[in-house]
Each structure stands twice: as structure tokens, then as C-alpha cells.
2 protein chains.
Amino acid sequence: MNVEFFDDPSGTREEIQAATYRALCEHGYAELTLETIGEEFDKSTSLIYHHYDSKDELLLACLSSMIDQLEASVAYDPEDPSGSIDALCDLLDPDLDRSECQFVSALVELRGQAPHHEGYREQLTRGDDVFETQLIELVQTGVDRGEFDVTDPEQTGKTLCTLLTGVMVRRTTTDNEDWMIDVREEIDAMLGTGK
Amino acid sequence: MNVEFFDDPSGTREEIQAATYRALCEHGYAELTLETIGEEFDKSTSLIYHHYDSKDELLLACLSSMIDQLEASVAYDPEDPSGSIDALCDLLDPDLDRSECQFVSALVELRGQAPHHEGYREQLTRGDDVFETQLIELVQTGVDRGEFDVTDPEQTGKTLCTLLTGVMVRRTTTDNEDWMIDVREEIDAMLGTGK
């Protein structure tokens, strides 16, 4: 997918979010404190509470920015359905780029908060809707152009969205990688592009 | 799937794990403290530290028991592949039984800790391996009996494992349910049992 997250923050609020993201990548959710965030922030730690009332508010803002950046950066080219699906399937490459691995891990850690937190669920529902809509459109365009052989593009797009969510979670929360090639081939079979 | 988790703990250690599980279901990972666990525990809170050195050790033991109970309770009948897949697809029922919803939520919350915690990853890798092996065997048996029409049972089993992981995460971390029926139908299509 080839993207850098929080690479060029503009303004103090974005710099604080970028520091929060780096601290999340470095230490994980359980160790995320004002202190660990402050260590990643070039300016005075006290500025953080000037801009955000609580760690919770800051983390939600960080999650919202992560979803915005994912939407903008995801390998989604409506003119190239096969290439876009290929690029998304980088998630099934055991040698995924380190910055993307970190991003996926951070997202999975924040997802873990959602069952008990409506604010996280709202943001993740928004991201999920966009991702699903993009996938349905890709499958539909691929079918229209004869690149994919799929009976129900909406059904296949929704399944791909669910499957890729599972991919992100399995790859960051288990040490097993044996399934990745098989899942990649099953996606080709689902799209009718398998050999 | 119709199971009750931590329903009949035997001994103090299991009672403490059951209390931890109830506190996790009630409050979520972020609010999980010795105090909230103690509120769910019938005996003296100080007993908890007599049996577990740290909250971390207790949570890992709780996760390990959750995975054991899931393995024992999962609707896995090697003699009935179609029925077993149907039962697993209860995860795609918006009206899933409350105790199972709670279990899935608790598991997703603990999964969120795994990217930065090797102990969680070890337990989840163990659970993942068992679940994947069961699914591959179910698909293989279904093919052998002519119930499923699948070219590569291992590939399909691994994909089902990944897809159902995605199902558990999507249903507990977003408010969108529109995809569930479509994913259920795509699973039928993958297994060659669709209409």
C-alpha cells in the first residue's frame, strides 16, 4: 500500500496526534500514558492538555485521523480494480512494509477498545463503511470490465471487507503466517481470477 | 454455539478467572482493575494476589481458559460438517445469544493487547491453530461426503478461519450489521452449498 502515516503533521494538534501514534506503535495501548506520549512530542508535554481534555479525547482524535489517512492512502484506484485488489492484498504478504505493519497493529489495538466504547465504535463504523463501499465498487467495476467473474458484487465486496479485517487481526495477534498464501489464492478464486 | 463461559468454576483460581471474565465483560479492558475484578469475586480481594502475581498474569490465565473453553464448546462435530458450519455461522446472526456476544467481545478486547504482548500472541496462536485445523477437517469431511464442493479444502478452511475472525471483530467493533447476511451467503457459495 506504500504509505507513511502521520508523516507530515501540520499544526500542534496534528503533531500531538502524531506523537500519540508513535507512542502507540512503540509501547502499545496498555502502556500509553501522557509520559510515553510526551517522550514522542518535541514540545512541552503540558501543551497536550491545552489541546485535549483527556487521554480518551486525544486517542479518539488520533483514531479519527488514522481512518482519514487510511481512506486517503488505501490503494484504491476505481479505474484499476485488479491492481487495487492486488495492492490491498499486500496485507497478505508476510514481508509487509514495517510502517504498514505498525499502522495495522495500532489499528487493531484501538479496535480492542471498541466493544466497550461507543466513540471508538462510531469511528470504526465510519472507516468500515468507506472500506466496504470501496471494495463493492472495485468488484462491480471489475465485473463490468470482464476482469472479475462474480455473481453478486455487493456480496463479494462485503465478504472481502470482512476477510481483510480478519487478515489484519490474525497477522498482528498470532505468530502463524501459514494461512496467508492460501487466503490470497482463495480471494483470486472468489473473484474468478484464479488459475 | 449455545455455551456458557466460566459457568461452573472449580477451585479458587478458576473462580478468580471467572470474576476477571465477568469484570472484562462488564467494564472492558481499559477499566479492568483489581477493584472491578474484586467486585465480581465472592471472596476477599486479597486472595487474588495470593494466586496471581500480577494483573497481567491473571489476564493471561483468563485468556488461556477462554480459549480452552472455546475449543471444548465450539460447535465442532466432525461427523456433521454442514451442521457444524451452520452452528459457527451463528456468529453472523445479528441476534446472537447475549452470553456469546459477551464472550466474543471479551476475546476481541484481549486480542487488542496481542500486537505488543508475546504472551497474548502465544495463547491466541494456539487458539487460532486449533480453530483453523477444525475448519480444514470440517471442509475435508464435507467434501469426502459430497456435502461440499470445494477444490482445495485446506485453502478454504484457512480462509474460513480468517473470515470468521473478521466476523467476530467487525460485529463487536462497528455498529453496522448490513454485511452479515451477505457474508453468510458467500460462505455457502465458497462451500458450493449456495442456491
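Author: A:Asp182 sits in helix α9 of chain A, which covers residues 180–191. The model is predicted. Is A:Asp182 buried or exposed? Its relative accessibility is 13%. Buried means under 20%, so A:Asp182 counts as buried. What does A:Asp182 touch, once neighbours within four places in sequence are set aside? The contacts are B:Gln155, B:Lys158 and B:Thr159. These partners belong to chain B.

That leads to the pairing of the chains. Chain A can be laid on chain B by a turn of 180° with a shift of 0.0 Å along the axis. The RMSD is 0.0 Å. The two copies are therefore related as by a two-fold rotation axis. Both copies use the same surface: 100% of the contact residues of chain A recur in chain B. Which residue of chain A comes closest to the rotation axis? That is A:Gly166, with its C-alpha at 1.8 Å.

Now to a helix of chain B. Helix α1 of chain B runs over residues 12–27. At 1.5 Å a residue, its 16 residues should span 22 Å. The end C-alpha atoms are 22 Å apart, so the two values agree. Buried residues in α1(B) include B:Ile16, B:Ala19, B:Tyr21 and B:Leu24. B:Gln17, B:Thr20 and B:Cys25 are also among the buried residues. After α1(B) comes B:Gly28. The phi of B:Gly28 is positive, near 90°.

Note on methods:
Residues numbered from 1 in each chain as written. Chains lettered and ligands numbered in written order. Predicted model: local features only at pLDDT ≥ 70, side-chain atom pairs only at ≥ 80, totals over all residues. Heavy atoms only, no water. Least-squares fit on C-alpha atoms with pLDDT ≥ 70 in both. Contact = heavy atoms within 4.5 Å. Helix = DSSP H or I, 4+ residues; strand = E, 2+ residues; numbered from the N terminus. Expected span 1.5 Å × (residues − 1). Buried < 20%, exposed > 50% of the residue type's maximum accessible area, 1.4 Å probe, protein only.
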